[in-house]
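Colleague: I've got a model open and I'd like to learn how to read a few of its features. Could you walk me through some?

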Amino acid sequence: MGFGKRVFTAIWIFACLAAPTCAIAELLPRAVLIIDESASDSPFGRRFREQVHSTLDAETAQRYAIYAESLDFGHFSGSDYDAALRSYFNNKYRNKPISMIVALGSNTLKFVSRIHADIWSTVPIVFVTFDDAPATRSTIPSNATGMIALRRFQDLVKSAQQVVPNLARIVLVGESLERQPLRSNYQQEVQQLAKDLNVIDLTNLPIGEVKKLVAVLPNDAAIVYIPIYNDETGISHNPGEALRAIADVANRPIVVDSETLIGQGGTGGFVMSAKDLGREVGRQISRILNGERASNIPIAVKDFTKPVFDARMLNRWGVSETALPIGSDLRFREFNVWEQYRWQIVAIAVVILTQGLIIAWLFYERRRRHVAERESHQHLLEVTKMDRALTTSAMSASIAHELNQPLGAILNNAEAAEILLSASAPDQDQLKEILADIRRDDHR
C-alpha cells in the first residue's frame, strides 16, 4: 500500500472514531456552575439563580445545565476553610465538563481566581461584584467578564433620612462588616461616614443584648440592619428571623439594603433587586453560550437598587408616603374599601343613580297622569252637568209651550163666555160650544 493510501486510510479511520464523540459532545448540555459566597438558603442567591435560569430559557437555544454551590462565607472563613473548599471543588468537578463559572460576590471571584488555573483554566467566568475597587479588578482573570452592581452604604443612610427627617445617628445592627457576604465595601464606607455622622455600632452582639438596646433609642436615630449569620456567642441565625425578632421590640425604623428583607420587619430603603441583577447576568451568560468570547464582552457597571418600602411599617412609624422618593415601590399596602373596589363602587353608584332617576321619572309621570285623569273626569262632569241643564231648559221650554196654548185658549174662551153672559139674551148654543172648547183644552 502506498504512502498516500495509508495517510488517507488513517484520516478516514480517525474521522469515523471522532464522529460519534463529536455527536455525543453536541448532545451534552453546557454546564454552568454558579458559585455564591452567601449561604445556600439565602433568598437573594435563590432569586438570583431563578432569574438566571428564566433568562437563559428565553434567550438561548443551547442546551444547558445549572449547578449551584454556596461558599457560606458568613458562617465559615479562614485558610483551613479555603483549603477544604479547594479540595471539595477539585474532587467534585474533576470529571465534570464545566462550560462556564458564575462568581457571585467579590470574595467568590477571588476564590475562583485562586483555583481557576488548577481546575478550570480554560473555562470562562462571569462575575458579579458589588464594589468597583481596584483590588477587586486586579483579581479578574483574562477570560472573564461580568457585572459591577453598585451597592453603597450611603444608600442606607439616604433611606434612613427618608423615614427619619431629623436623623442624627445611625445604629448599625448585624453581622460583623468583615464577614458580610456581598457587602465587602461597607466597612470602609462606614469608617468614612463616622466622621460626619454618629454611628452606633451594635454589630456582632448577642441577639438578646441587641433587642434591649434597640428598644430605648433616641428619636433622632434610625436602625440599619445587615444580615446576621452568627453572633459573638457562636449561635447561628437566619437573617430574616433575626430581623423580625429585632423589629418586634425596636422603637425606631429599620432600613435594609436587600429586597428579600422587605416584609420581615424592615421599613424599606434603596434595596438591591436580585431579579434585575440575575436578568442582566443571564443575558451575559447567554451571549457566551451562543458563541461569543467572554473577553470580548465589556464589564458593565450598573445600579440595581430601587426604593422599596413596607406600607405597614410606614404606618407604624407615622411616615407619610409623600416623604418617599418619587417612583417608590410601596408594598403590603392595606387598601381601604374605596381603594380596593373604586371602579366597582362607581359602577354600582351609577346604576343606582340611573335607577333612582328612572323611578323618580316614573313616579312623576304617574302623578301627572293621575292629575290629568282627574282634570279630565272633572271636565266630563261639568260637561254632563251642562248637558243636563240644557236638556232641562229645553224640556221646560217645550212644556211651557205645550201648557201656554191650552191655557191661553181656556182664558180666551172664558173671556168670550163672560161677554156673552153680559148680554140680555145670551146665545145658549154658543155658550155650549165655548164650554166644550174649555173642556177640550182642559183635557189637553
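This is a predicted model: local features need pLDDT of at least 70, side-chain atom pairs count only at pLDDT 80 or more; totals for chains, interfaces and linings use all residues.

Colleague: Let's start with α9. Which residues of helix α9 are buried?

Modeller: First the general idea: an α-helix has 3.6 residues a turn, so residues three or four places apart point the same way. Now the case here: in α9, which runs over residues 239-249, the buried ones are P239, G240, A242, L243, I246 and A247. Their arc around the axis is only 160 degrees, so they sit on the same side of α9.

Colleague: Next, the loop between β9 and β10, with E259. Is E259 buried or exposed?

Modeller: The cut-off for buried is under 20% relative accessible area. E259 has 10%, so it counts as buried. Its side chain makes a polar contact of 2.5 Å with the side chain of R331. Among the other residues E259 touches are R47, K306 and M272.

Colleague: And the surface: which residues form the nonpolar patch?

Modeller: V337, W338, Y341, W343, I345, V346 and V350, with about 720 Å² of accessible area together. Both α12 (337-340) and α13 (342-421) give two or more residues, and α13 has the largest share, with four. Y341 is in the loop between α12 and α13; its relative accessible area is 42%, so it counts as partly exposed.

Conventions: Residues are numbered from 1 along each chain as its sequence is written. Side-chain values use heavy atoms; hydrogens and water are left out. Patches are made of residues with over 30% relative accessible area and no salt bridge: like charges are joined within 9 Å, nonpolar side chains (Val, Leu, Ile, Met, Phe, Trp, Tyr) within 5 Å. Accessible areas come from the Shrake-Rupley method with a 1.4 Å probe; for residues, only the protein chains shown count as cover. A salt bridge is a side-chain nitrogen of Lys or Arg within 4 Å of a carboxyl oxygen of Asp or Glu. Buried means under 20% relative accessible area, exposed over 50%, partly exposed in between (1.4 Å probe, protein chains only). The arc is that of the directions from the helix axis to the C-beta atoms. A polar contact is a pair of N or O atoms within 3.5 Å; within protein, one must be able to donate a hydrogen and the other to accept it, and residues adjacent in sequence count only if both atoms are side-chain atoms. Contact means heavy atoms within 4.5 Å.
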